[in-house]
Amino acid sequence: MKPNLSKIAAMFVAVVLAFFVFATVEARAQEKPKDKAKEKTKPMAGMAHAGMDVAKAVAVLHPTQGNTAQGVVTFTKEEGGIHVIAKLTGVPKGEHGFHIHEFGDCSAADGTSAGGHFNPTSMQHAGPMAEKRHVGDLGNVTADDQGNVSLDYVDKHLAFMGPNSIIGYAVILHANADDFTTQPTGNAGGRIACGVIGVAK
Ligand code: CU
Ligand code: ZN
């Protein structure tokens, strides 16, 4: 009788233990799918903004420290490229280098946080109409006597999806003209305005 009782007690303990182990595993298994679902929705939302159905983008340029240049640059998808329209004010008279730079970061007072020219295809610096150029090489803009800039052209190197997507990078206006030959900057001098390219409607 005594050995039987202790066997029954041992079996009881084993059953209770097994129940707790099972319950814990079950609870963890139920948590996991929820976490995975959460993780999956984040990259999907991000991809949509990376260019999946973007038709228009905009950059609002603000003057860097000590400068007055500002304005709006719109990028609109068209057959054969991206239609670039820039309306700027407060720009010193004359030609100014105009580029997309490799970081969407205008936080530095002098705009240097935007890094170098946006160059996903590893090309040399050149003018906007060159076959081989930095994707970010938009050329020069010209300010009139009143300090106004009006640029309007279609750029076939720019895109809203794929490696050439300009979404999230920065538009920089320079103090001097881009010579289209000096590597890798075009020798366009300091940065007088900066704005990050974002998705628009
Ligand atoms: Cu530049
Ligand atoms: Zn360049």
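Predicted model: local features only at pLDDT ≥ 70, side-chain atom pairs only at ≥ 80, totals over all residues.
1. Asn 187 sits in the loop between β7 and β8. Its phi is near 55 degrees, a positive value in a residue other than glycine. The peptide bond from Gln 183 to Pro 184 is cis, with omega near -10 degrees.

2. Ser 122 is in the loop between β4 and β5. With a relative accessible area of 64%, Ser 122 is exposed, since the cut-off for that class is over 50%.

3. Overall make-up: the protein has one helix and eight strands. Along the sequence the order is α-β-β-β-β-β-β-β-β. Of the 201 residues, 35% are buried. The protein exposes about 12,000 Å², and carbon and sulfur atoms supply 62% of that area. Take the contacts between residues at least 6 apart in sequence: 63% of them join residues at least 24 apart.

4. Strand β8 (residues 191-200) pairs with β1 and with β7. With strand β1 (residues 56-63), β8 runs antiparallel, joined by six bridges. Ala 57 stands opposite Val 199 of β8. With strand β7 (residues 170-174), β8 is again antiparallel, through five bridges. There, Leu 173 has Ala 193 of β8 as its bridge partner.

5. The zinc ion (ligand 2) has four donors: His 117 (ND1), His 125 (ND1), His 134 (ND1) and Asp 137 (OD), at 1.9 to 2.0 Å. Why is the site of the zinc ion (ligand 2) classed as tetrahedral? The angles among the four donor atoms are 97 to 119 degrees, and the class requires all angles to lie between 85 and 135 degrees. For reference, the ideal angle for four tetrahedral donors is 109.5 degrees.

6. Along the chain, the donors of the zinc ion (ligand 2) follow the spacing H-x7-H-x8-H-x2-D. His 117 and His 134 both lie in the loop between β4 (94-101) and β5 (137-143), so the pair ties together parts that are 17 residues apart in sequence. Both of these histidines, His 117 and His 134, are buried.

7. The copper ion (ligand 1) has His 99 (ND1), His 101 (NE2) and His 174 (NE2) as its protein donors, 1.9 Å away. Their spacing along the chain is H-x1-H-x72-H. His 99 in strand β4 and His 174 in strand β7 are 75 residues apart, and the pair links distant parts of the chain. His 99 and His 174 are both buried. Water is not among the atoms, so sites may look incomplete; the donor list for the copper ion (ligand 1) is a protein list.

8. How many aromatic pairs does a search of the whole structure find? There is one. Phe 118 and Tyr 169 are stacked, 4.3 Å centre to centre with 25 degrees between the planes. Phe 118 is in the loop between β4 and β5 and Tyr 169 in the loop between β6 (149-155) and β7, so the pair ties together parts that are 51 residues apart in sequence.

9. Tyr 169 is partly exposed, with a relative accessible area of 25%. The cut-off for buried is under 20%.

Terms used:
Residues numbered from 1 in each chain as written. Chains lettered and ligands numbered in written order. Heavy atoms only, no water. Pairing = 2+ DSSP bridges. Helix = DSSP H or I, 4+ residues; strand = E, 2+ residues; numbered from the N terminus. Donors = N, O, S within 2.8 Å, 3.2 Å for Na, K, Ca; no water. Tetrahedral: all angles 85-135°; square planar, octahedral: opposite > 155°, others 65-115°. Buried < 20%, exposed > 50% of the residue type's maximum accessible area, 1.4 Å probe, protein only. Contact = heavy atoms within 4.5 Å. Areas by Shrake-Rupley, 256 points an atom, 1.4 Å probe, with all protein chains shown as cover. Phe/Tyr/Trp six-rings, centres within 6.5 Å; stacked < 30°, edge-to-face > 60°.
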